[in-house]
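Visitor: Before the questions start, please show me the sequence and the model.

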Number of protein chains: 2
Amino acid sequence: MTKTTLHSASTSDAVVPVHEQVYQQLRDRILFGGFLPGKAVTLRGLADDLGVSAMPVREAVRRLIAENALELHGNRRVFIPDLSEKVINEIWSARRLLEVELALMALKNLSDDDIQSLQDIDERIDVSLETGDVEGYMRGNYEFHFYLYSQSKSEVLIKLVRNLWVQFGPFMRLVYGRSGTANLEDQHKQALEALKSRDQRALRAALEADISQGMGFIQETICLPDKV
Amino acid sequence: MTKTTLHSASTSDAVVPVHEQVYQQLRDRILFGGFLPGKAVTLRGLADDLGVSAMPVREAVRRLIAENALELHGNRRVFIPDLSEKVINEIWSARRLLEVELALMALKNLSDDDIQSLQDIDERIDVSLETGDVEGYMRGNYEFHFYLYSQSKSEVLIKLVRNLWVQFGPFMRLVYGRSGTANLEDQHKQALEALKSRDQRALRAALEADISQGMGFIQETICLPDKV
DNA sequence: GGCAATAGTTTGTGATCAAATTATCTATGC
DNA sequence: GCATAGATAATTTGATCACAAACTATTGCC
């Protein structure tokens with residue numbers, strides 16, 4: 001058990017509430033595979049884990065439930081969602097719909113500096129892939145996609161997409177934890193080429209391939225009967 | 001096969017927690033125009049208003065903030081969002097993207113009984129339009145759309161769309177409160193015709209017209225300089 | 001008379017506590 | 001040996017309180 005201590009930053013004058021810090025930490029852990037799908041969490045357990053009282057955890061958890069990052073069952077217990085194949089397919093098509101749209105919108109606003117930034121992120125992803133750093137890869141992948149999407153300047157759509165990402169986050173870790181990062185093809189290279197040449201059709205194809213790779217892996221893992 | 005199962009199927013006598021009831025009431029008020037855009041709400045105020053303590057309100061409000069139905073400012077105060085024209089346009093295009101997709105998916109599963117149910121809802125909408133019952137119209141409109149979308153069986157997309165509706169709910173009331181329901185054309189008639197004839201193209205056109213009418217009204221109202 | 005400092009009020013935040021609910025463990029009967 | 005019922009432990013839920021930040025209105029000063 002890792003006990004993390006939350007302390008207010010002494011240098012920053014902006015006081016960020018504890019429930020906000022708890023929210024960020026929990027969302028990060030969910031997004032990047034800190035929890036296993038289907039596992040139950042308790043308020044007191046999380047509170048002890050994070051070194052805070054139960055109250056801020058309550059608010060953060062309530063928020064994460066609303067964002068589909070956590071699931072509240074009829075028993076009043078909170079779970080990491082264990083998605084069915086059907087739901088995975090729904091997320092898959094929703095991602096295709098929304099993220100392609102976001103990427104195309106972003107392409108219009110994208111500067112050369114932005115492309116360079118994306119390339120930098122992608123190089124860090126390559127390093128993570130080589131060293132087998134699963135969490136590093138997941139963080140890099142998230143950063144790559146949302147850096148691109150942020151250039152669309154469409155905060156509304158971005159929030160919806162983030163809503164999807166927190167749902168399959170725990171599964172991504174499962175997939176990579178099982179099959180490793182070795183046989184992962186970096187689909188971002190083609191996306192970068194499409195961005196450089198301002199090719200909408202190629203960008204759409206690259207993104208759909210990238211999404212299909214990720215969600216396809218998840219779908220295969222779901223169908224396996226064995227559990228960890 | 002003996003008596004009752006202990007742990008799983010005890011949903012019959014489901015006791016609904018107070019924070020859940022508060023959430024539903026507040027969401028309804030937001031969806032159907034019970035609050036004005038830009039207005040601040042207070043936890044104690046809402047608690048007194050609903051006749052409950054502050055704690056359940058805190059949880060419900062935190063949840064609504066996560067769903068973009070309420071807005072948490074840096075002052076830590078909670079507001080009904082006052083959307084800019086830019087955000088309205090983002091919601092507009094997001095609605096077009098998602099709701100057309102949902103309607104087309106629903107069309108595949110739609111039975112004749114479903115179409116009859118939609119027609120019944122639409123007749124109630126007509127009554128509301130004639131009597132100038134703004135809230136009745138808004139509830140009927142919501143019911144019509146989400147009955148249709150529910151037949152898509154895509155819970156994930158539906159949640160995303162509901163996330164959009166709570167955002168423009170307060171503005172709809174502003175629009176209809178200002179211009180009345182008299183000059184509202186019922187766009188659902190064309191949608192119903194398209195559903196009956198299973199015409200995808202016509203359905204898309206009808207839905208886009210319906211969405212454009214609503215969001216167009218909002219956009220016009222936004223641009224007006226006067227405030228209530 | 002206008003502006004800034006200040007006191008009083010309001011409000012969100014976090015902690016603590018009691019009651020209700022659910023899960024887990026244990027013992028008992030068949 | 002297995003299932004069921006009761007007892008115990010763990011957890012959520014809702015209420016209350018203390019505190020700090022923010023807002024309002026007043027007062028005092030130039």
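Visitor: Where in chain A is A:Arg204 placed?

Guide: This is a predicted model, in which local features need pLDDT of at least 70, side-chain atom pairs count only at pLDDT 80 or more, and totals for chains, interfaces and linings use all residues. Residues are numbered from 1 along each chain as its sequence is written, while chains are lettered from A and ligands numbered from 1 in the order in which they are written. Helices are DSSP runs of H or I with at least four residues, strands are runs of E with at least two, and both are numbered from the N terminus. On that basis A:Arg204 is in helix α9 (residues 200–223) of chain A.

Visitor: Is A:Arg204 buried, partly exposed or exposed?

Guide: A residue is buried if 20 or more other C-beta atoms lie within 10 Å of its own, exposed if 12 or fewer do, and partly exposed in between, with C-beta atoms placed from the backbone. A:Arg204 has 18 C-beta neighbours inside 10 Å, so the class is partly exposed.

Visitor: Which residues does A:Arg204 touch, leaving out those up to four places away in sequence?

Guide: Two residues are in contact if their C-beta atoms, placed from the backbone, lie within 7 Å. A:Val100 is 104 residues from A:Arg204 in sequence, yet the C-alpha atoms of the two are 5.9 Å apart. The residues touched are A:Val100 and A:Leu104.

Visitor: In what order do the elements of chain A run from the N terminus?

Guide: Chain A has 9 helices and 3 strands. From the N terminus on, the order is α-β-α-α-β-β-α-α-α-α-α-α.

Visitor: What is the radius of gyration of chain A?

Guide: The radius is taken over C-alpha atoms, and the globule rule is 2.2 Å times the number of residues to the power 0.38. For 228 residues the rule gives 17 Å, and the value for chain A is close to that, so the chain is as compact as a globular protein of that length. The radius of gyration is 18 Å.

Visitor: What share of the contacts in chain A with a separation of 6 or more comes from residues 24 or more positions apart?

Guide: As background, 38% of the 228 residues of chain A count as buried. The share of those contacts from residues 24 or more positions apart is 75%.

Visitor: Which feature does UniProt place at residues 16–83 of chain A?

Guide: The span is 51% helix and 9% strand, and its end C-alpha atoms lie 33 Å apart. UniProt positions are given in the numbering used here, feature names are shortened, and annotations may be inferred rather than shown by experiment. The unreviewed UniProt entry gives "domain: HTH gntR-type".

Visitor: Which strands of chain A stand at the edges of the sheet?

Guide: Strands pair if DSSP finds at least two bridges between them. In chain A, 3 strands form an open antiparallel sheet in the order β1-β3-β2. Each edge strand has a single partner, so one side of each is left without a neighbour in the sheet; the edges are β1 (40–41) and β2.

Visitor: What is phi of A:Asn68 near?

Guide: A:Asn68 is found in the loop between α3 (54–66) and β2 (71–72) of chain A. Its phi is positive in a residue other than glycine, near 70 degrees.

Visitor: Which elements give two or more residues to the surface near DNA strand C?

Guide: A residue is near a strand if its C-beta atom, placed from the backbone, lies within 6 Å of it. DNA strand C is surrounded by 19 residues, the closest being A:Val18, A:Ser53, A:Asn75, B:Leu43 and B:Arg76. The elements are α1 (18–31) and α3 of chain A together with α2 (43–50) of chain B.

Visitor: How many residues of chain B are in contact with chain A?

Guide: Both chains take part in the contact, and chain A puts in 21 residues. The residues of chain B in contact with them number 21.
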